[in-house]
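Dear colleague,

I am handing over the structure below, and after it I set out what was found. Please read the notes with the coordinates open beside you.

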Amino acid sequence: MGNKKKYTICLIPSDHGPQKMFELNARVLTFLISLGIFLIILIIVSYVFLIPRATRYENLHREVTELAGDRARYIQLVEDFRKMQEMHQYVRRLLGVDMMASMDSVSASDSLDFPAAPPMQRNVIVLDNIPTTAPLTGLVTQRFDSSVPELFTDSHKGIDIACRVGTPVLAAASGWVVFSGWTLGLGNTIIIHHGSDYLTIYGHNSRNLVVNRQSVERGQRIALSGNSGYSSGPHLHFEIWKNGEAMDPEKYIPEYATGNGEL
């Protein structure tokens, strides 16, 4: 025999409207009550177990994002280190360190460890480090060669500017002298570190006017132009390096620019 017992549900509106009454079989009512209890249990289980897991997922997602950022920074550091190593080897080759090791002037800086920057007497902004001042005025007779980007090649890493012997050579930006001396290829050479990973090189001078570890200001006379080293005539060989990569000076110094370029 089935359970034929019935229950009546009465809905009484608050506005004194007509009442509504429903009759439910005892089995149906039992099913609805059981379903309600099941849903309540399901919500409690979800709150106890699933929400902590969702929170943990968010934490893991944030950690993965941070690790991805750290990995990108690590890769950038490795790339910067590689470029600095290439720059280090290039400068050693430029200075002829191996062949000049016996010379006192070079042996003191054989390791090419750049001296620590002297204490700055004023706040320096990044723009102060960008070499945008022309070392001298003259005709650019040989331009930057970017067709062969690798080091240890005969590509031209800077520009040549024709000038008379004895023309004052100016610092392209403020900084400190990391090398002032003789090199095999560029003769009397000056290398200045400007901060923000900028280096400038001035070659073929007839006379250097600054010494190693000397602080210089933008536009200061640092040398007199000449024809020293391997040179076919009086001119200044000028290079700009950033992060171990040779840059085209014509894109930094308007006087030498042949077109619009970006820094």
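Both Tyr202 and Phe238 are buried, and in this predicted model their ring centres lie 5.3 Å apart with the planes at 40°, so the pair counts as tilted. Tyr202 belongs to strand S8 and Phe238 to strand S11 (residues 235–242), which puts the two partners 36 residues apart and makes the pair a link between distant parts of the chain.

The structure holds two aromatic pairs, and Tyr198 with Tyr252 forms an edge-to-face one, at 5.9 Å from centre to centre and with 80° between the planes. Because Tyr198 lies in strand S8 (residues 198–208) whereas Tyr252 falls in the segment after strand S12 (245–247), this pair ties together parts that are 54 residues apart in sequence. Tyr198 and Tyr252 are both buried. Tyr198 has a further neighbour in Lys242, which lies over the face of its ring at 4.4 Å from the ring centre.

As to confidence, the chain has an average pLDDT of 80, and 79% of the residues score at least 70. Two stretches call for careful reading. Over residues 98–112 the pLDDT stays under 50, and the model gives this stretch 16 contacts beyond four places in sequence. For residues 259–263 the pLDDT is likewise below 50, with five contacts in the model beyond near neighbours in sequence.

Conventions
Residues numbered from 1 in each chain as written. Predicted model: local features only at pLDDT ≥ 70, side-chain atom pairs only at ≥ 80, totals over all residues. Heavy atoms only, no water. Phe/Tyr/Trp six-rings, centres within 6.5 Å; stacked < 30°, edge-to-face > 60°. Helix = DSSP H or I, 4+ residues; strand = E, 2+ residues; numbered from the N terminus. Buried < 20%, exposed > 50% of the residue type's maximum accessible area, 1.4 Å probe, protein only. Lys NZ or Arg CZ within 6 Å of the ring centre and 35° of its normal. pLDDT = per-residue confidence, 0-100. Contact = heavy atoms within 4.5 Å.
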